Structures are given as C-alpha cells and as structure tokens.
Amino acid sequence: RSTELLEVRRANKAIILSLPFKGREIKLPSGILTGQNASMKLRSLTWPYQTVSDLSKLPIPFACVATNLRTGEATSIKGVPLPDAIRASLSLPTVFSPVEIDGELYIDGGLSRNLPTVDAIDLGAEFLIGIDVGAPVDSVSALDPSFIDVILSTTLFHADRADIEQRELLDILIVPDINDLSRASFEQSREWIRRGEEATRALMPTIRSALDSLGIKRVGSYREGFEFKADSVRVTRIEITGTTDQSAIDIILNRLNFTLPDFIGPVEIEKAIARVYGTALFDQVSYSVNVRPRGPLRESILTVHVEPLRVPDRLGFGIRYDSFYKAEFLFNVALKNRRRIGSATEVRLRLGEQLEVDASHFSRLGPRSRFSIGSNLGYSSAPMNVFTPGKYNETLGTERDVPVNSLRIETYRARTFSGFASSEAILSGFFVKAAHVRIRQVVAGPVPIASDSLSNPSIGRLSDSQQEYGAAGLMWNMDTVDRVDFPTRGVRLRAEGEVGLSNSVPEISLTTQPTRDRFDLGLYRHAVVDAEWYAPVKDNVSFFGRATAVYGSGKTLPYSHYAFVGGVSSVTVQTGIYLPAYGLAGQQRFGRKAYLATIGLQIEPGRDLILRVAGQVGDTFDLFGDDDKKQLGPVLYGLVRDTAFFGFGVEFGVRTRLGPLKLILAGSDESERPNLAVRFGYDF
C-alpha cells in the first residue's frame, strides 16, 4: 500500500469485488491473484542467480515443470530466469494468473506431471529419490472442502494417473503421512515440512545403503562460480519490455527513479518495481539483471518487464452496514486511460439511507509530471437529526439523546481541482466548487428553542429551504497508514480551508425568517484539520489517536458546512464534517465550530482479531450567529451553549475479506447507559 499513488489508494478503498469489462461484456480475470507479490518474493530469494538464464547450469541442475495452457502438455522449463520458471510452475488455475513465456501461457505443472521423474533424468540424474504429496483426496478436505481443496483435488485426479509411470521410474519413493492436512491451509506449511522431514529421515538408512552400494558419494555435482554474490550491481542501462507506448515508458522510468550508472541492490530494485506496480497501470511488473559484453568490458542491464492492463476498465461493488444507517451498497465504474495513460474516470452510485451519484475525472498533466487536475459532478442526499443543545433539554424536559427534528439535506455539486503530488502519500492543491443545497423536514418536531422571557415567543425554527454557495480553497492530504482497516502504523492527515459566497440563511435562528434573495450573497469561511496517527509499541500492540478541529464563520455559512458530532458512522456523502463520537446519538452535537480528540490502545490477540480501548473528549461551539447571541443574552445563551463531553469506547473487531466487522460498546457523560452498535464493511 505504501507504494501506491494516493489516488489509487482512495479508488480501491471500499471495493470488495472488482471485475474487468469491455463494452457490455464482463471479462472474468484469469486468476484471483495476479501473482505480483509471489513473483517479487521469488526474485528476492533467488537474487544470487539473477544472471543465470539456463537453469541446467545452476550449481545443482534444476528444472521446473509447468503445463502449457494451449496444449495441456507438461513442459520442462529451464531456459528462463529462475523466478520466472518457479512462478510458472506454481500457477494454480483460477488462483494465480498464468505466466507467459515465449508467447505461450503456462499454469501449474501438477496438472500434467506432478512427479517430475523424467525431467530429473533429462538433467542427468542417475539415482532417483521422489517425494509424493499428490494423493488426490485427503480426509479433511473431503469432508469439509474449501474451493482451493476442490480445485487441487480435481486437478490431482488427472495428475495421479500420469504419475503412475513416473513413480515406477524412481529408485526410492517417499510418501509422507498427510491425510489429516488440507492443501488450502497455508498456515500449516511448517507442519507439511515437518511431515516430509520425518518421512525422509525414516528412510535415510535405506537411502544411504543404496547410495553406498552404487558407490555414489554425493547426489549431483555442485558447481561453483555461478552465484551472483554481490549485494549490489553497477547498472549502466535500463531496458523496458512489454510495452512500446512512450508515455508508459516515461511513467515507468519516472517511478523507477534511478540515476545511472549506479550501484543498485535487490532492496532498491524491489521498492522501485513496487512503485511502478503502484500506478495500477499494469497487470504485472517484473525485473531481471543481465550481464552482457560491451567491447572489452561487460555491462549490467536492468530489464523491467511489464504487462499492461489487458482490460483496464473495471466494475466494482462494495457493501457496508451499521446500526444507524443500516445496509448501504456501492456500485462503481472505473474507466482508465481514456484521455491519456494514467487518467481515471469514475462513476459511483451509492444506495441506502445515504444516496449518492457522482462522476469524476482525474489525470496527471504528463507521464513525468507531479501536477494533476480533476473535476467531479454529483448529487447526494443524507438524513440529519436535530437535537436541542446544552442544558436546554432540562428546561424543556426533553431527553438529550432524542432528536426533535429529522431533516434531509440534498446537494447538487460541482468541483474542479488542481494539485501537486510531492510523494506517493502526499497530495496538495487548489479547488473551486459550487453547490445548490436543499434542506427539507422529514419529521417536524417541537420548536427546538423557545422562551417566554423573550418578546418573540417562537425564537427557534427549522424550515424547508434552498441555498447556493460557491467557494475556492486550499487542501493538503497525506496517507501513510499500513492498511485500510485497523492500521498499526502511519499517519492520515486532511487539511482544507475555503472562502466562499452564499445566500443561505441560518436554519436555526432567533429572528423571523428573512426574505430569501438568491442574489443577496454573504461571505463565509470554513476550515478543517483532521489527523490520525498509529504507532506500534510492541508486537500486536499499538497506540492510536485522532484530533479534529472545525472552524466556520459568517452569517451565510451554509448549514451543510456545520460540524456534526455523534454516532458510530460518518455521513460521507456531504461536504460538512461528520465525526463519530462514543456515547452520543448520531449528530447529537452540531455547531459552526467543533473539536474532537481520541486516544486509545489497539491489541491483536489473534490472527485477524482486534481489541480497541479508547477515550474521547469533544465540544461544539457557535450554534447561533452573533446577532442571535446578543438577543439571547448571557443567561439564556448559557442554556443553549454546549459544554465539553467525555466518552469511552471498547471495540471488538474481526478483519474479513469483505471488510472489518466491529462490535462497539460506548458511553459518555451525556448518556445514561453504555450503548452497543455494530459496523461491518469499509467506509465509503
């Protein structure tokens, strides 16, 4: 995640299922996993043999068996770099994407020849010892199979027939006891190894006796001099293969960011390759180091091979649930490289209590440019509760956590943006935006604020209204957290400030409603700073914190720009600030200004299990404008002035493939008893 561009991280955050499509046809991927991480790990482990292209000349002659996807025939692969051969041999169908070698696609060799005896003979082996772990069915997976168990067992039924002949060619066959192990349980890998070692050690007397009788002192011949022993290599040239598009080549070179000639090691290369892959422009990115003669000298060439996206357009789906907004669904269409390579056009549809339709476009100004432009058009609609503020509940005899009105805020908006990416994790820029906002009452409750001591008996009001605003501002975003759900390290920071003109009138006022004039504009200011940090203190234990400050001023500050605090979920479709708070009902606190601070401890007691304990303090200010404050006077204003609240929360979480599942127990000094809430899925 740390090597992805910030816009890529945001685009992928809430999507749990993404399918490529072309025209009206869904193009199912060739594998659930591209194999990029596996490929990079293999290259790291085989770095000493980067320059070896004929695997039969390795210190111990080697070959991998893979299955040709076109013919179905077993193929002994030994004329390619070692990590490419291993990656092709482990390409389990539907799990990993096939590997292309010399124009042919290859998948797991176990489908055609799971026990490669003849391949060892071709390499010159005279005495053959084989370990067979290819029994088609085991007792565990047969009773309760996963989809990987089904795939493996199906393929091994065919391979088992092919391996009968291979077993007969062996001098010694080792069969470990694996009947109670599942091939899909990767966490049991150490146990698989242990079982293989036990079975081998049990036959060691037989193996030694056979070798002694044949006069063989060592299996094979270890040849020195083939290891690439240097920790780094002096690279003089970079070659790009897999694409001829000059813009794509420029992007690759820019993300590699090497100044040649220079000494480069495997760690630096892997980080650079990860940066290229983080652009989300390629299905796979790999590398190799080749030493070639150049006159009387030799030069080292770093070859970077890319596989451009076969189908760049994607159809995405997301889902989330919480106790307040219930189930919500996200549908996303992402179109890539339409205007230029690296550009992204996205259409989002969100269904549920929060409704949103949004179309956006983002593009870098050039392949090597850090400058970007973007724009979006959208419509959103979200419910909003209104509560009586401060101590006024006691005056009215109402409960603090029971809303007196229910509103719905609808926004039609347009925005343009120009920014600069100083790194993968930081994006800053300038924006201009405009919106039409409609506020309507869904449930009209009692007048929130009334007092017989004032000349106007009806001094509080909430009414249907429409307003427009336009603004310009600056923003700065940073995201370095290590994962989307329950991060353990890193920082998220959003700072945004704007100055605008609006014709809005206060939704909550002490004065009679003024006549609304669309061209009667007033100046407003709005700013927010929202920072999250995560710091590990030891294995599976980390501290986390969040601090948010909101500032709004001006008689015409749009109601959609107020700060709303409370509940377990944010209203993410509106432009205002909606902050979850322990022990408060949804949007129980609101005002023109607010702050909220959280600090807590996160513990991971088991795999994918999370426990969080946190404390919180916050407050909201300036519910009324300056004119209303003067009319209320200091005594009555004290009744409607909120005071700081203190909350606590205990979260029990589980990380799942569909997003985090959270059970939240929360309370505050404003709630009579702790409340229990449930959240599931990624925020969107």
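This is a predicted model: local features need pLDDT of at least 70, side-chain atom pairs count only at pLDDT 80 or more; totals for chains, interfaces and linings use all residues.

Trainee: What is the average pLDDT of the chain?

Mentor: pLDDT is the predictor's confidence in each residue, from 0 to 100. Here the chain average is 82, and 80% of the residues score at least 70. Residues 137-141 have a pLDDT below 50, and this stretch has 17 contacts in the model beyond near neighbours in sequence; contact means heavy atoms within 4.5 Å. For residues 446-461 the pLDDT is also below 50, with 40 such contacts.

Trainee: At what angle do helix α2 and helix α10 pack?

Mentor: Two packed helices are described by the angle between their axes and the distance between the axes. Helices (H or I, at least four residues) and strands (E, at least two) are DSSP runs, numbered from the N terminus. Axes are lines fitted to C-alpha atoms, for helices over the stretch in contact, and angles run from 0 to 180 degrees between N-to-C directions. Helix α2 (residues 36-45) meets helix α10 (residues 266-277) at about 165°, and their axes are 11 Å apart. α2 is therefore roughly antiparallel to α10 (angles over 145 degrees count as such). Gln36, Met40 and Ser44 of α2 make the contact with Glu270, Ile273 and Tyr277 of α10.

Trainee: Is Ala471 buried or exposed?

Mentor: Buried means under 20% relative accessible area, exposed over 50%, and partly exposed in between (1.4 Å probe, protein chains only). Ala471, in strand β22 (residues 465-479), counts as buried because its relative accessibility is 6%.

Trainee: Which residues have a positive phi?

Mentor: Among them are Asn337 and Gln587, each with phi near 60° in a residue other than glycine. Asn337 lies in the loop between β16 (326-336) and β17 (344-351) and is partly exposed at 27% relative accessibility. Gln587, in the loop between β27 (577-579) and β28 (589-591), is buried at 3%.

Trainee: Which residues does the cis peptide bond join?

Mentor: The cis bond joins Leu260 and Pro261, with omega about -5°. Pro261 is in the loop between α9 (246-256) and β12 (262-264).

Technical notes: Residues are numbered from 1 along each chain as its sequence is written. Side-chain values use heavy atoms; hydrogens and water are left out. Angles under 35 degrees count as roughly parallel, over 145 as roughly antiparallel, 65 to 115 as roughly perpendicular and the rest as oblique.
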